Amino acid sequence: MLDIKTIRDNLDQVKGALAKKGFRLDVEAFQAMDERRKVALTRAQALQAEKKKASKQIGALIGQGMSPEDAKAQVMGGIDSDISMAQAEAKEAEAALNDFLMGVPNVPDEAVPFGDDEDNNVEVSVWGEIPAYDFEVKDHVDVAEPLGMSFDAGATVAGSRFVAMSGKIARLHRAITQFMLDTHIEEHGYEETYVPYLVNKDALKGTGQLPKFEEDLFRIPEAQGDKDLYLIPTAEVPVTNLMRETVFDGELPIKKVAHTPCFRSEAGSYGRDTRGMIRQHKFDKVELVQFVNAEESEATLEQLTGHAETILQKLNLPYRKVILCGGDLGFSAAKTYDLEVWLPGQAKYREISSCSNFRDYQARRMQARWRNPETGKPELLHTLNGSGLAVGRCLVAVLENYQQADGSVVVPEVLRGYMSGLEVISA
């Protein structure tokens, strides 16, 4: 959530910056709700002051011999009722303004380019050489199905956009996950974290998925009495919310890594990537999350993105890094880098990681703070996260980049220790 004072003091600048995301800030509505809140609070405070003054008058009348009941009735009148009404009006105005602010996205960084969609993202760097083949390359579906991947079985068990894996290809999927976790823990200093795969509404509001993006979530109505629970769309939600409503007194940064399944309804994506594992309702991801102070967040985004890049480099998978334009930038993000891995079967780069700086936007929604040792006062944290990486898409990239003419797949060298030394997967 944006700081209300920042909006008040910089209305035109905030409105202009949000336009880069394609969002129109309703200035008139904001000002009207803000004024209503201010008037209601002022009236409630004035009535409280009047009541305090009246209490002294009651004491004087009692001192003159009047009964407490008569003195109160004479002086107070309906002031208690007026105070209750004013407080209710102030509370209602506060809630309306808060609901409005919850629907306003984060302001994009100045470095974010203008543009409407992914076609306007700007390439920052390219790593690796695109492989050449002396045979006709296949996409991952044709490569993987003879090796133990079955989309038909996934559809039988659950429906479309689910997959089942058996044998060596299932082990390769697990090996990729373990390799990512070990690298981030042992080389990059993250703490492994295990979190629930179901979260409540407050957790999703805290990271910005609600209220705007409920249609993208799988909801379980009244899973806990009268409360709904939701399957997590990413580990970002439960891991980031571990700091909700806390004041952290320790040393920053806090660096956490978690492997979880992720569940997405893919609302609005019908007809897109229906073949294979690119866009599934359920997939695995290794997520990187950092909590830092304001001064370190920009440098941390570069560092965190580099950690995700390390995985691709160790796997020797060609990729490029792009900065997202305003129209493609996420609701809560101020700045995002996407890593796009080369897929020979599609002859194009496809997203495999998004690394974002949210600044204090999520922390304000969650009231996640740290105590500045220099001032002793609580300050909002800055939150960052990124895929380190999406496991299923990494498997797709390995299958397509390491395929051979006979239909087998070479196991990348860094994964062989997780596969009992296996070098090639064949039918």
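Reader: How many aromatic pairs does a search of the whole structure find?
Author: The search finds seven. Rings of Phe, Tyr and Trp (the six-membered ring for Trp) count as a pair if their centres lie within 6.5 Å. This is a predicted model, in which local features need pLDDT of at least 70 and side-chain atom pairs count only at pLDDT 80 or more, while totals for chains, interfaces and linings use all residues. Residues are numbered from 1 along each chain as its sequence is written, and side-chain values use heavy atoms, with hydrogens and water left out.

Reader: What kind of pair do Trp342 and Tyr349 form?
Author: Trp342 and Tyr349 are edge-to-face, at 5.2 Å centre to centre and with 70 degrees between the planes. On the angle scale, planes under 30 degrees apart are stacked, over 60 edge-to-face, and the rest tilted.

Reader: Are Trp342 and Tyr349 buried or exposed?
Author: Both Trp342 and Tyr349 are buried. Buried means under 20% relative accessible area, exposed means over 50%, and partly exposed is in between, using a 1.4 Å probe and protein chains only.

Reader: Which residues form an aromatic cluster?
Author: Phe213, Phe331 and Tyr361 form one.

Reader: Switching to helices. How do α8 and α11 cross?
Author: The axes of α8 (residues 167-186) and α11 (residues 297-314) come within 10 Å, and the crossing angle is roughly 130 degrees. The axes are lines fitted to C-alpha atoms, for helices over the stretch in contact, and the angles run from 0 to 180 degrees between N-to-C directions. Helices (H or I, at least four residues) and strands (E, at least two) are DSSP runs numbered from the N terminus.

Reader: And what does that make α8 and α11 to each other?
Author: Oblique, therefore. Under 35 degrees is roughly parallel, over 145 roughly antiparallel, 65 to 115 roughly perpendicular, and the rest oblique.

Reader: Is the crossing of α8 and α11 left-handed or right-handed?
Author: α8 passes α11 in a right-handed crossing. A crossing is right-handed if the near helix is turned clockwise from the far one by less than a right angle, and left-handed if anticlockwise.

Reader: Which residues of α8 and α11 make the contact?
Author: From α8 they are Phe179, Met180, Thr183 and His184, and from α11 they are His307, Ala308, Thr310, Ile311 and Lys314. Contact means heavy atoms within 4.5 Å. By class, the α8 contact with α11 has four nonpolar, four polar and one charged residues. Nonpolar covers Ala, Val, Leu, Ile, Met, Phe, Trp, Tyr, Cys and Pro; charged covers Asp, Glu, Lys and Arg; the others, Gly among them, are polar.

Reader: How do α8 and α13 cross?
Author: The axes of α8 and α13 (residues 391-401) come within 10 Å and cross at roughly 115 degrees. The crossing of α8 and α13 is right-handed. The α8 side of the contact has Ile169, Leu172, His173, Ile176, Thr177 and Met180, and the α13 side has Val391, Gly392, Cys394, Leu395, Val398 and Leu399. That contact of α8 with α13 has nine nonpolar, three polar and no charged residues.

Reader: Now cis peptide bonds. Where is the one to Pro211?
Author: Pro211 sits in the loop between α9 (201-207) and β6 (219-224). The bond from Leu210 to Pro211 is cis, with omega near 10 degrees. The bond from Leu252 to Pro253 is also cis, with omega near 5 degrees, and Pro253 is in the loop between β8 (246-248) and β9 (254-263).

Reader: What does Lys201 contact?
Author: Leaving aside neighbours within four places in sequence, Lys201 contacts Leu210, Asp228 and Tyr230. Lys201 is in helix α9 and, with a relative accessible area of 35%, is partly exposed.

Reader: What is phi of Gln367?
Author: Near 55 degrees, a positive value in a residue other than glycine. Gln367 is in the loop between α12 (361-366) and β14 (368-371). With 34% relative accessibility, Gln367 counts as partly exposed.

Reader: And where is Ser420?
Author: Ser420 is in the loop between β17 (409-410) and β18 (424-425). Phi of Ser420 is near 55 degrees, a positive value in a residue other than glycine. Ser420 is exposed, at 61% relative accessible area.

Reader: Last one, Ser387. Buried or exposed?
Author: Ser387 counts as buried, at 9% relative accessibility. Ser387 lies in strand β16 (residues 382-390). Not counting residues up to four places away in sequence, Ser387 touches Lys285, Val286, Glu287, Ala308, Ile352, Ser353 and Ser354.
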